[in-house]
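Please look through the structure below before reading on. The points that follow are meant to be checked against it one at a time.

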Protein chains: 2
Amino acid sequence: METYHHGDLRRAILDAAVLEIEENGIGAMTMRHLARRVGVSHAAPAHHFGDKAGLLTALAIEAFDRLTDQLLAVEPTDDLVESGVAYVRFALDHPAHFAVMFRPEQHRAGDTDLQAAQHRTWVALERAVGNSPETERAMDETHTTVAAWSLVHGFAALWLQNVMPEQIGEDPEAAARRIASGLFSGA
Amino acid sequence: METYHHGDLRRAILDAAVLEIEENGIGAMTMRHLARRVGVSHAAPAHHFGDKAGLLTALAIEAFDRLTDQLLAVEPTDDLVESGVAYVRFALDHPAHFAVMFRPEQHRAGDTDLQAAQHRTWVALERAVGNSPETERAMDETHTTVAAWSLVHGFAALWLQNVMPEQIGEDPEAAARRIASGLFSGA
DNA sequence: AAGCGAACTAGTCACCGACAAGATTAGGTA
DNA sequence: TACCTAATCTTGTCGGTGACTAGTTCGCTT
């Protein structure tokens with residue numbers, strides 16, 4: 001480091017946080033570790049995020065937006081199952097982001113930007129359900145969307161937490177596709 | 001307090017932990033708070049649990065066992081949906097226990113007692129699926145069980161994290177029953 | 001009743017998040 | 001160019017936390 005000012009410390013801290021969480025778990029992610037990792041003083045990060053909750057909120061917003069992008073990248077003509085698989089793939093490919101998304105107690109309470117990002121994800125999920133070809137359902141669209149979300153969210157969470165039975169195998173994407181197909185297109 | 005020895009400090013600390021988490025969130029649950037709450041010195045709890053991870057592991061084991069009991073309390077003749085609703089009800093009735101169950105990074109790594117408790121829960125879920133009347137399924141029993149678990153776990157997690165859309169209403173049990181019915185007995 | 005070991009206390013250490021005050025510098029203005 | 005103001009970053013500090021150690025109290029067995 002040659003300059004007193006970092007240039008884009010905010011971005012650097014967010015990236016360092018992801019690496020730190022992936023390498024050593026969310027428990028090891030302290031503001032001071034990130035500062036050391038990036039090469040700034042221990043109090044520098046707080047200037048960009050307010051406090052630790054602010055940092056985690058910013059990271060969660062980024063995570064929701066990336067997930068939304070992945071969901072919207074699924075072809076509109078594809079089956080709902082493909083969106084479900086995309087959700088699971090995002091969670092397993094980006095465990096650090098996923099771990100930060102659903103921890104309200106670590107977030108800045110009532111942050112409107114975060115709420116907006118969560119809503120965008122919800123809208124993307126609704127789109128996936130609405131685009132799905134099967135029109136004859138046992139539920140209205142809201143409940144179908146919640147059902148699909150619950151299924152893939154639960155699957156990803158249980159997989160990441162290592163509580164799945166061995167019989168399920170080692171390929172999460174295949175298992176997720178099989179399960180989602182069985183429930184949502186196996187009529 | 002009159003006696004130097006507490007009598008059942010281990011039990012008292014576990015109960016205090018549940019209260020503390022329910023009242024102030026898991027972030028506020030520190031060993032020192034629990035000690036103060038129970039009226040012992042700050043280092044007393046560690047004697048019973050080793051360290052904080054040991055306490056949270058013990059709490060998780062207790063939680064898995066209580067959940068298993070709730071699942072086994074469902075009548076064997078009942079539909080699979082009733083077991084799913086029981087899972088959701090447990091999570092929402094005991095948010096502190098539920099919050100501690102699925103945080104491996106806070107647990108004592110590789111604890112065999114915890115693994116055994118998790119396995120007992122899995123067996124209870126398999127029983128629920130096996131007892132369910134509908135025999136013609138799109139999946140084998142393992143995948144059906146994982147699907148059911150994922151659905152209710154995801155639903156409970158999303159509900160507790162307050163990211164459900166408003167349209168879902170205010171009665172989680174009703175919504176869970178509707179969704180589980182739509183996917184598992186709405187053939 | 002004696003003493004052994006478990007239960008608990010008191011003291012300490014490194015580390016953390018938050019805060020305050022000061023140093024540095026980028027970027028707009030005269 | 002010279003300034004100068006606000007944003008950025010550093011340094012120092014404080015209370016709180018988890019973990020460790022040494023010492024105190026007491027239940028229980030023999």
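This is a predicted model: local features need pLDDT of at least 70, side-chain atom pairs count only at pLDDT 80 or more; totals for chains, interfaces and linings use all residues.

The notes below go from the pairing of the chains to single residues.

1. How the chains meet. On chain B, 34 residues are in contact with 34 residues of chain A. Three helices of chain B each supply at least two residues of the side that touches chain A: helix 7 (112-131), helix 8 (141-160) and helix 9 (172-184). Helix 8 of chain B gives the largest share of that side, 12 residues. Sorted by class, the side of chain B that touches chain A holds 19 nonpolar, 13 polar and 2 charged residues.

2. How the copies are related. Chain B is superposed on chain A by a rotation of 180 degrees, with 0.0 Å of shift along the axis and an RMSD of 0.0 Å. The two copies are therefore related as by a two-fold rotation axis. Both copies use the same surface, as 100% of the contact residues of chain B recur in chain A.

3. The core. Which residues have the most contacts inside the largest nonpolar core? They are Val152(A) and Val152(B), and that core has 111 residues. If neighbours within four places in sequence are left aside, Val152(B) is in contact with Gly84(B), Tyr87(B), Val88(B), Ala176(B) and Ala180(B).

4. Leu9(B). This residue is found in helix 1 (residues 9-24) of chain B. Leu9(B) counts as partly exposed because it has 18 C-beta neighbours inside 10 Å, while a buried residue needs 20 or more and an exposed one has 12 or fewer. Not counting residues up to four places away in sequence, Leu9(B) touches Val38(B), Val40(B), Ala44(B) and His48(B). His47(B) is 38 residues from Leu9(B) along the chain, and the C-alpha atoms of the two are separated by 9.8 Å.

5. Asp111(B). Where does Asp111(B) lie? Asp111(B) is in the loop between helix 6 (95-101) and helix 7 of chain B. With 18 C-beta neighbours inside 10 Å, Asp111(B) counts as partly exposed. Asp111(B) and Ala124(B) are 13 residues apart along the chain, and their C-alpha atoms are separated by 20 Å.

Key
Residues are numbered from 1 along each chain as its sequence is written. Chains are lettered from A and ligands numbered from 1 in the order in which they are written. Two residues are in contact if their C-beta atoms, placed from the backbone, lie within 7 Å. Helices (H or I, at least four residues) and strands (E, at least two) are DSSP runs, numbered from the N terminus. Ala, Val, Leu, Ile, Met, Phe, Trp, Tyr, Cys and Pro count as nonpolar, Asp, Glu, Lys and Arg as charged, and the others, Gly among them, as polar. Copies are superposed by least squares on the C-alpha atoms of residues with pLDDT of at least 70 in both. A nonpolar core is a set of buried Ala, Val, Leu, Ile, Met, Phe, Trp, Tyr and Cys residues joined through C-beta atoms within 7 Å.
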